[in-house]
Amino acid sequence: MIQIIPTQPIDGQKPGTSGLRKKTRVFMQPGYLENFVQSIWNGLGGVAGKTLVLGGDGRFFNTEAAQTILRMAAASGAARVIVGRDGLLSTPAASHLIRSRGADGGIILSASHNPGGADGDFGVKYNTANGGPAPESVTSAIHDATTRIAEYHTLDAPALDLSQPGQTRLHQTEVEIVDPVADYADLMAELFDFDAIRALLASGFRLRFDAMHAITGPYAQEILEARLGAAPGSVVNATPLPDFGGGHPDPNPVWASDLVAAMMAPDAPDFGAASDGDGDRNMIMGRGIYVTPSDSLAVIAANAHLVPGYAGGLTGVARSMPTSAALDRVAAARGITCYATPTGWKFFGNLLDAGQATLCGEESAGTGSDHIREKDGLWAVLIWLNILAARTQSVAEVMTAHWQDFGRNYYSRHDYEEVDAEAAAALIEELRARLDKLAGEKLGTLIVREAEDFSYRDPVDGSVTARQGVQIRFDGGARLVLRLSGTGTAGATLRVYLEQAVDGPDGLDTEPQAALAEVIAAAEALCGIRARLGRTAPDVVT
Ligand code: VG1
Ligand code: CO
């Protein structure tokens, strides 16, 4: 039954910010997925006798890829594979399953917020036994294995029926098919005051959750509608589709514009939220107000003690470097440490494992805590609902009070997508070469205080990750960060992160792009982004 198939290394199988992402048709080429999966096994030193979790966000090719991976795990002697029904698991649910079942690791099939479909993107990510994305030491070993692979092992076996929970066997491997939602929903019930949220929803408080035709639909229906009593239909676009209905399952004001329109309408619900392709991102809105992810993280940190799962307080907090310093303000007020890490959830794992941080977040709509080792979209929605129930205030009232208490960090990200990769790389390289001489220079109206290429030394294991983005601070509380995306599948994407801190009590109610006008001009003065990349404006402003 076991087949040993000769193969050769395939160029470019290098995991990025979050796993290996490629065009779906690239992954569908004969041997492409097989090479990478065998390289995961090889990079780990084999999977014989191990227990793995397997699931994905349901995008096009999920079903076939899950069957291929099951055959390959069995051919390499895995003891057990725990797989979500129909090969489905949200990223947070997969992380929880790895932890709760004591698995050795897991494979998540997703390209997250990237579009799906035959002409969209596909991705494969390996998570370790703590439930989190593999750290760089592991992804490097996997990449290394892709450059040396000579054969892969698989089985000559028909596809397994994954449509019913239960136990089955593939060769000598136990395959356990589990309900993808149940365990995760139980975990949420442990962390939050479901009675208080239920009472809030019974009091006429209306919510709208947009699942964007992605994996969170069934999770949100079970938790928000069935367990918490939100009105039927509160969860919209709830049926996961292989191509996400042709949309971009990225919960931000650009791609979730329907939700924004609904929340800005006169009869808007009290609370609006959305999640992404694999369920780890979140967007939070109130009636007439959008909450930036950086602000959301700070509000959660400031109010977590109102929530049962965090009643004991936070040991520390962490944010990715580009994320605004709104979180730092809360940490300073509470006397706890705020860590700044490179972009990508894998850098939070050690801090969470060591108990040095309880809460983490990224400006890209990722928020989470030590309950699992991934960011968690529905968790963010539930903690917000729990906070609103405890404070008996609207989202707008909570935000106004927060800015008055802590000050405000105006924030925006401008993305230049699918630009010429060489031009973007040259722009960043030339900038790096100038960093030493930038302090004191005037860019537009702003004067540079300090400039650096961000480098991170992990406080737990001492590993160093360099070249993680150019960070420029200006006199007067403005900050500019530039880095290249590590999740795209075509050309390069330049991300320009813009921040202006205002301490208050005045100036807390300006339109964000206006509040950021001087930083936006400074970015152009610094490196002429638009002219160099041949663009007149960013493609996406969030
Ligand atoms: C982006 C975000 C980053 C996030 C990553 C994965 O990476 O900026 O904050 O962790 O996506 O999120 P990049 O390298 O493109 O900037 V997900 O929900 O796509 O797994
Ligand atoms: Co995601």
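How much space lies in the second largest pocket? About 380 Å³ of space lies there, in what is a predicted model.

**Figure 1. The residues around ligand 1 in the predicted model.** Ligand 1 is surrounded by 20 residues (a heavy atom within 4 Å), of which the closest are Thr17, Ser112, His113, Gly486 and Thr487. This shell holds 10 polar, 10 charged and no nonpolar residues. Ligand 1 sits in the largest cavity (more than half of its atoms lie within 2 Å of the grid points; on a 1 Å grid over the protein atoms alone, a 1.4 Å probe fits but cannot get out).

Figure 2. A backbone N or O atom of Gly486 lies 2.6 Å from a ligand oxygen atom. For the side chain of Arg483, an N or O atom is 2.7 Å from an oxygen atom of ligand 1, and for Asp276 a polar side-chain atom lies at 3.1 Å from one.

**Figure 3. The second largest pocket (an open set of points with protein on both sides within 12 Å along at least five of seven lines).** Its lining has 23 residues (an atom within 4 Å of a point); Asn114, Pro115, His248, Glu417 and Glu418 are the closest to the centre. Strand E19 (408-419) gives the largest share, 4 residues. The lining comprises 4 nonpolar, 10 polar and 9 charged residues.

**Notes.** Residues are numbered from 1 along each chain as written, chains are lettered from A and ligands numbered from 1 in written order, and side-chain values use heavy atoms, without hydrogens and water. Local features need pLDDT of at least 70 and side-chain atom pairs pLDDT 80 or more, whereas totals for chains, interfaces and linings use all residues.

Conventions:
Polar contact = N/O pair within 3.5 Å; in protein donor to acceptor, adjacent residues only side chain to side chain. Nonpolar A, V, L, I, M, F, W, Y, C, P; charged D, E, K, R; others polar. Points joined across faces, edges and corners; volume = space filled by probe spheres on them. Helix = DSSP H or I, 4+ residues; strand = E, 2+ residues; numbered from the N terminus.
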